[in-house]
Amino acid sequence: MNQIDPYCKVDDLRPSFEEMCALRHLLHQHPELAFEEKETAQVVAERLSTWGYLVTTGVGRTGVVGTLRVGNGARSIGIRADMDALPIMEDTGLPYASLHRGRMHACGHDGHTAMLLGAARQLSKTRNFSGTVHLYFQPAEEKGYDSGARAMIDDGLFDRFPCDAVFGMHNHPGVAQGTFLLRPGAFMSAGDRVTVTVKGIGGHAARPHLTVDPAVVASSIVMAIQTLVSRNVDPAEVAVVTVGSIQCGFANNVIADSATLQLSVRSFNPDIRYLLRRRIADLVHAQAQSYGATAEVDYVMGYPVVFNHEKETEFAAEVARELVGSDRVIAPAEPVMASEDFAFMLERRPGSFIRLGNGVGDGVGDGGCMVHNPRYDFNDANLTVGAAFWTRLAERFLNRPS
């Protein structure tokens, strides 16, 4: 006789799909940027309170924590969802498109929040566990530095709402909807940002010999930077240095007196991270000096590597296989060069960060459009899958032996 599975299944969340969908669309219409998530936090807090959670607001400025205790179990679990949006003009044409010009949920945080709220309701309804569930609704993941995860931790997150393990999730365009991707160890890269200011001598475009042209210096720096990874980093390692922005001058007949470059630096190995920091500074100053200019380098160490703990990652993979089948679980998945501030939480507590396939099509609603794109949209089909996963993960974690 087959043993009855007592834990949450995807079908258990299907009756809640329309409500989760409506909530996700509401959040999508009203995106809020980093540390401005006041309306979103209010929506989250009101629903958690209605479902019997002890709610704490203002954690890390605009974060919300919902706590549910059932039975006398001593174990606790933390589950995190991010809430903030991006300064992007939406171009989806969807009926629930952003109502706020220049702000958009272009990374799926509306879906992440809706999934965890769906799980919150299911956990409060079934109460099929013994222990404590802490749900961390985090602001400002997109900030890139001084972010929401760090703010919540600095506000005593793990002292006030302690957990034996912490888990987070992000959607993953380009992989079939509902497919789980997990990897122990380094899963997502560290992400740093660099601002380079080149200072030259401005003047008339017809008399370049009387100037020190910062546009030429900046161009030389861009080309030299292309050699950093190919000629300084071990080919067995992985790193990316991208110049995302160059600003210099405003008229064709004026040589400006300064230029500004914005760089994004990604790496997995801490030694490589510090090598790149040193080499970028050396290269920028040397290039500027060779043209008679000077340069300033503002190097901001952003998010560390997302390093998943082995036991917790294998446990999450086991739960995913039980939920959707082994053919929809990729473990170990390939590392991802994007960065994520959940890394700060994994530095403080054992846990794992999971990615969930958002779809492979390139049309609006297909789920395959890359994040941070004006035509991106979270795949609503993942609402039941994600909510069921979080529910089952909490049930299984809190009901297993220590």
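Guide: Axes here are lines fitted to C-alpha atoms, for helices over the stretch in contact, and angles between N-to-C directions run from 0 to 180 degrees. Helices (H or I, at least four residues) and strands (E, at least two) are DSSP runs, numbered from the N terminus. The model is predicted, with local features needing pLDDT of at least 70 and side-chain atom pairs pLDDT 80 or more, while totals for chains, interfaces and linings use all residues. Residues are numbered from 1 along each chain as its sequence is written, and side-chain values use heavy atoms, leaving out hydrogens and water.

Visitor: What makes α4 and α12 parallel, perpendicular or oblique to each other?

Guide: Their axes come within 8 Å and cross at roughly 50°. Under 35 degrees would be roughly parallel, over 145 roughly antiparallel, and 65 to 115 roughly perpendicular, with the rest oblique. The two helices are therefore oblique.

Visitor: Which residues of α4 and α12 meet?

Guide: In α4, G111, A114 and M115 are among them, and in α12 they include G386, A387 and W390. Contact means heavy atoms within 4.5 Å.

Visitor: What makes a group of residues a nonpolar core?

Guide: The members must be buried Ala, Val, Leu, Ile, Met, Phe, Trp, Tyr or Cys, joined through side-chain atoms within 4.5 Å. The largest such core here has 66 residues, and L48, F137, F180, F389 and W390 have the most contacts inside it. Helix α12 (residues 382–399) gives the largest share, ten residues. There's also a second, separate core of 28 residues, including A218 and I272.

Visitor: What does F180 touch?

Guide: Leaving aside residues up to four places away in sequence, its contacts include M169, L323, V385 and F389.

Visitor: How do you know that β8 and β12 pair?

Guide: Two strands pair if DSSP finds at least two bridges between them. Ten bridges join β8 (residues 190–199) to β12 (residues 258–267), and these strands run antiparallel. One example is T197, whose bridge partner in β12 is T260.

Visitor: What makes β10 and β13 edge strands?

Guide: The open sheet has four strands in the order β10-β12-β8-β13. Both β10 (239–247) and β13 (294–303) pair on one side only. On average, neighbouring strands are turned by 20° against each other, direction ignored.

Key. Buried means under 20% relative accessible area, exposed over 50%, partly exposed in between (1.4 Å probe, protein chains only).
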